[in-house]
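Please consult the sequence and the structure shown below while reading.

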Amino acid sequence: MAVLEDDFEESTGHELQIVIGSTGKIYSQIKHGAPYDVFLAADQARPERLVSEGTAVSGSRFTYARGQLVLWSPAAEALSVESLNAPAVKRIAIANPELAPYGRAAEQVLHGLNLHTSLSTNLVLGENVGQAFAFISTGNAQLGFVSKAQVLSRADEQRGTQWSPASALYDPIDQDGVLLNRGSENQTALAFMDYLKSPEAKAIILAHGYEIP
């Protein structure tokens with residue numbers, strides 16, 4: 001978002017104010033009247049729900065990115081599915097599956113690998129994937145499931161190691177954006193929605209660990 005924001009502001013002259021939080025939390029804030037104009041979710045369900053509830057503009061919803069889930073550790077040792085059961089691994093961080101799509105995807109992977117029950121006492125839940133990432137990077141968890149984009153955001157020498165579970169183990173993390181009713185006549189909001197569909201924005205999204213469906 002930081003790179004998208006800078007490129008958008010430089011190319012259009014508009015100014016954005018970004019608020020970061022879990023998809024579930026931001027959705028709740030919108031429902032309680034938070035003054036947002038555009039909602040970029042980490043799933044499709046909440047933007048679709050906002051349209052059906054009459055809070056977002058019908059026909060404005062589109063998929064701007066597809067997230068990639070990885071198992072990540074800041075350590076240099078190679079990771080694999082066996083790493084989840086390593087004796088030294090006492091805490092495994094994931095985002096809260098009830099609030100965050102990356103947490104739900106991590107839970108699906110663990111179920112698909114038949115590891116969810118055996119590892120349940122090792123799981124440490126972050127409110128969102130950012131908090132799960134922070135647990136790992138600060139050593140409060142030895143490893144965990146985060147987004148590939150977060151790993152790529154670090155300097156090369158700080159990226160540690162990652163393992164990508166088969167995409168068939170979890171539902172696609174398609175991330176939708178939607179124009180909220182409050183922003184329907186906001187020229188900056190309208191311009192930003194158009195910008196996200198541009199080749200320039202798509203190139204930035206691809207370069208930062210996402211796919212374009």
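Leaving aside its neighbours within four places in sequence, D37 is in contact with V178, L179, L180, R182, G183, N186 and A189. The model is a predicted one.

**Setting of D37**

- D37 is found in a loop, which runs between helix α2 (23-31) and strand β1 (38-40).
- D37 has a relative accessibility of 18% and therefore counts as buried, since buried means under 20%.
- R182, which is among the contacts of D37, also takes part in a polar contact: its side chain and that of D37 are paired at 2.9 Å.

**The largest pocket**

- The volume of the largest pocket is about 1,400 Å³.
- Its lining consists of 43 residues, and those nearest the centre of the pocket are M1, I18, V19, I20 and L40.
- By class, the lining of the largest pocket comprises 28 nonpolar, 13 polar and two charged residues.

**The second largest pocket**

- The second largest pocket holds about 180 Å³ of space.
- Around the second largest pocket there are 13 lining residues, with G67, Q68, S167, Y170 and E211 lying nearest its centre.
- Strands β2 (62-67) and β3 (69-73) are the elements that contribute two or more residues to the lining of the second largest pocket.
- The lining of the second largest pocket divides into five nonpolar, four polar and four charged residues.

Key: Residues are numbered from 1 along each chain as its sequence is written. This is a predicted model: local features need pLDDT of at least 70, side-chain atom pairs count only at pLDDT 80 or more; totals for chains, interfaces and linings use all residues. Side-chain values use heavy atoms; hydrogens and water are left out. Helices (H or I, at least four residues) and strands (E, at least two) are DSSP runs, numbered from the N terminus. Buried means under 20% relative accessible area, exposed over 50%, partly exposed in between (1.4 Å probe, protein chains only). A polar contact is a pair of N or O atoms within 3.5 Å; within protein, one must be able to donate a hydrogen and the other to accept it, and residues adjacent in sequence count only if both atoms are side-chain atoms. Contact means heavy atoms within 4.5 Å. On a 1 Å grid over the protein atoms alone, a cavity is a set of points where a 1.4 Å probe fits but cannot get out, and a pocket is an open set with protein on both sides within 12 Å along at least five of seven lines; lining residues have an atom within 4 Å of a point. Grid points are joined across faces, edges and corners, and a volume is the space filled by probe spheres set on the points. Ala, Val, Leu, Ile, Met, Phe, Trp, Tyr, Cys and Pro count as nonpolar, Asp, Glu, Lys and Arg as charged, and the others, Gly among them, as polar.
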